[in-house]
Amino acid sequence: ERHGKHLPRQIDGDAVILAYQGLDGVLRQTHIEFGPRPDALNVEQASYSVGLEPAEEASIFCSVSCLRGDASACIHSYEKAFSSAQNEIKHSEENACQVNSSSETFDLWLKRSAADILMLTLNNPEGPYPYAGVPWFSTVFGRDGIITALQCLWTQPRMAESVLRYLAQTQATEINPEQDAEPGKILHEMRRGEMAATHEVPFGRYYGSIDSTPLFVMLAAEYYQRTGDADLIRAIWPNIRRALDWIDNFGDRDGDGFVEYQRQSDTGLVQQGWKDSQDSVFHADGQLADAPIALCEVQGYVYAAKRGAASLARSLLQFELADQLDTAAKTLQGRFNDAFWCDEIGTYAIALDGKKQQCRVRTSNAGHTLYCGVATKDHALRLAKTLLDVHSYCGWGVRTVSAGEARYNPMSYHNGSVWPHDNSIIGMGLSRYGFRQEVTHIVDGLHEASCHVEMNRLPELFCGFHRRPETSGPTLYPVACSPQAWAAGSVYMLVQACLGLTIDANAK
């Protein structure tokens, strides 16, 4: 609603300086430096007149530096910058598993995904923590970072270590309604911009996600199984305990055994699951669900978190706590299947609303319960068929909302589109219940989609129109992030699902 002051543009030698004095008192500058010096340079343009003999070459370089406060520009030559970037990439690749296949197009998908994850991870001030996506989400997100780390855990566990350390450091310690913060809660989003600094938006440090906290515990348990890194687990064990306390106290607001959300301020997110559009949780008639809302996949995350934490507790010789957590997980599994299963539509309700009424809608959310292991075998069989039927599976992937539901729209952000990361989690869940053939349908759809998009880069999402033989690819969602970290990580989780691969560093 308000903005700072654009300062006069300046010429400084071979550079143009664009400056802005923000309402937060921070001076932000963009330095644009040219080499060699232009024949003509002003604050609007740089002009060169170049004469070349046959086969002669000339190079012109433009270096851009983005500065905050009194920082000074540090301009490197193109050769030095390129060499530095290549060395960083080489070092990162040496610490990650290299995956290839007998399919040239599948390998292109793998290589693009690996490059995008590196791009979103290297040189971040938080360490090798994957930023969520470009351009809208080029910052730390708790949920996105955790899921990307889970997707890539079998190939590059160092990412998971960095994610766990940073989220432990930024775990909430007090109640702050503006930030939706409560003791033990894990970060949702962090912004450093002017709007966050002046509290025009609450995202300086914002904790309004219902799932980041159980996902944090899940990642810790899976990281320990993958690496056997007891030192890290001991270091963040107090954070894990605080996260578990948050789940049982602040997360379960009414003491009914389920974790639910309701925003604490008018500026916070209305919906606080991964589908955070305001219209993403609704009843069969299309009516929006009233808060507090208990999402089906979140109960699955809590179940997996408690089982994983029980395993960690045993590794730390805390056997009584481990037994308590296992018992709590088993109790939750029974209550969840009783409260959420909808036999008439062959799936779990997306949520229970504030009156504990089922939102009886066929959505992809239910597929996450397979990944977490909270679904019973009988329900898993029905659910797998529902997820792969013609209403849910469009040929490119599983839709967020099945065709025919009240708010279904194949062009909607969360109510009919296809998200690669969502499908990778569903694929991993199907694999864990033994539905390998169903996994191949998801892999086939996303692989084919990758062949039709620019640079084989799967975007954040695409539209959920039914795949037709005559079409050249999925219909793109015009403002989707591309690259997006958990979209890039999807191929690794799907390879793991196809192979049925597990790694247990602690196996005797």
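**Close-up views of aromatic contacts and backbone geometry**

View 1. Y477 counts as buried at 18% relative accessibility, where buried means under 20% relative accessible area, exposed over 50% and partly exposed in between (1.4 Å probe, protein chains only). The model is predicted: local features need pLDDT of at least 70, side-chain atom pairs count only at pLDDT 80 or more, and totals for chains, interfaces and linings use all residues. Residues are numbered from 1 along each chain as its sequence is written, and side-chain values use heavy atoms, with hydrogens and water left out. The ring centres of Y413 and Y477 are 5.6 Å apart and the planes meet at 40°, so the pair is tilted. Distant parts of the chain are linked by this pair, with Y413 in the loop between α11 (377–387) and α12 (420–432) and Y477 in the loop between α13 (436–450) and α14 (485–488), 64 residues apart. Helices (H or I, at least four residues) and strands (E, at least two) are DSSP runs, numbered from the N terminus.

View 2. The structure holds 13 aromatic pairs. One of them, W341 with Y348, is edge-to-face, at 5.0 Å centre to centre and 80° between the planes. Rings of Phe, Tyr and Trp (its six-membered ring) pair if their centres lie within 6.5 Å; planes under 30 degrees apart count as stacked, over 60 as edge-to-face and the rest as tilted. W341 is buried, with a relative accessible area of 11%, and Y348 is buried at 0%.

**View 3. Arginine residues over aromatic rings.** R335 lies over the face of F258, 4.8 Å from the ring centre. The charged end of R467 sits over the ring of W396, at 4.7 Å from its centre. A charge sits over a ring if NZ of Lys or CZ of Arg is within 6 Å of the ring centre and within 35 degrees of the ring normal.

View 4. G35 and P36 are joined by a cis peptide bond with omega of about -5°; P36 lies in the loop between β4 (27–35) and β5 (40–41). A cis peptide bond also joins S482 and P483, with omega of about 10°, and P483 is placed in the loop between α13 and α14.

View 5. K356, a residue other than glycine, has a positive phi near 65°. K356 is found in the loop between β13 (351–352) and β14 (358–359) and is partly exposed at 33% relative accessibility. M455, not a glycine either, has a positive phi of about 60°. This residue is in the loop between α13 and α14 and is partly exposed at 43% relative accessibility.
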